Amino acid sequence: VTALTVAALALAAFFVSRATLRPVRDLVQATEALADGDLRTRVRVRGRDELSDLAESFNSMARQLEETQSELRKAERNAAWAEMARQVAHEIKNPLGPIKGYTKVIEREVLKAGALNEVVQRGIEIIRQEVDTIDARAQGLLELARPPEPSSPFPLAA
């Protein structure tokens, strides 16, 4: 009878320990997978005990990590586009300064010569307008490239 009781207790202890250790083992494996970069790893929630609460907490954390990684990727793409816009704006704005300057020189020299006629004056005005339009568009690219001002849901104390 004693041997049978000991065997039954040993068998019961074996099954209870397996039932207890399986969720722990699952959590360990999921944690290792998450550490290796698999952010889609989730743990099966079994029952309503402390280990189930831990599994739910792990799943919530893994979901938040996945969302954060997605947001970081979006931010990286936005930063890349902003950098490209900044470089394009820089390349556009570089020649505009000399064009503006030489337009003034041409106008001044033609005025000195007394030969400023309607065609030359209209041409100079068109050049100025187009340079200003291009400059405004390049400025718009530069503003697109600027990071947005951080906003806080909490008002600053005065």
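Visitor: With which residue does K100 form a salt bridge?

Guide: Before I answer, please note that this is a predicted model, in which local features need pLDDT of at least 70 and side-chain atom pairs count only at pLDDT 80 or more, while totals for chains, interfaces and linings use all residues. Residues are numbered from 1 along each chain as its sequence is written, and side-chain values use heavy atoms, with hydrogens and water left out. A salt bridge here is a side-chain nitrogen of Lys or Arg within 4 Å of a carboxyl oxygen of Asp or Glu. For K100 the closest N and O atoms are 3.9 Å apart, and the partner is D132.

Visitor: How many residues apart are K100 and D132, and which helices hold them?

Guide: Helices are DSSP runs (H or I, at least four residues), numbered from the N terminus. K100 lies in helix α2 and D132 in helix α3 (residues 118–145), so that the pair links distant parts of the chain.

Visitor: Is K100 buried, partly exposed or exposed?

Guide: Buried means under 20% relative accessible area, exposed means over 50%, and partly exposed is in between (1.4 Å probe, protein chains only). Because its relative accessible area is 34%, K100 is partly exposed.

Visitor: Which salt bridge partner does R42 have?

Guide: R42 sits in the loop between α1 (2–35) and α2, whereas its partner lies in helix α2, 24 residues apart from it. At 32% relative accessibility, R42 counts as partly exposed. The closest N and O atoms of the pair are 2.9 Å apart, and the partner is E66.

Visitor: Why are R86 and E83 separated by about one helical turn?

Guide: The side chains of R86 and E83 meet in a salt bridge, with 2.7 Å from N to O. R86 is partly exposed because its relative accessible area is 37%, and E83 counts as partly exposed at 33%. The separation is about one helical turn because, in helix α2, the two are 3 residues apart.

Visitor: How many salt bridges are there by this rule?

Guide: In general, side chains of opposite charge can pair when their charged atoms come close. Applying the rule to this model, the count comes to 7 salt bridges.

Visitor: Is T103 buried or exposed?

Guide: T103 lies in helix α2, which covers residues 50–113. Leaving aside its neighbours within four places in sequence, T103 is in contact (heavy atoms within 4.5 Å) with I124, I127 and R128. Because its relative accessibility is 7%, T103 counts as buried.

Visitor: What is the relative accessible area of R40?

Guide: R40 has its place in the loop between α1 and α2. The C-alpha atoms of R40 and A62 are separated by 7.0 Å, although the two residues are 22 residues apart along the chain. R40 is classed as exposed because its relative accessible area is 67%.

Visitor: How exposed is F15, and in which helix is F15 found?

Guide: At 47% relative accessibility, F15 counts as partly exposed. As for its place in the chain, F15 is found in helix α1.
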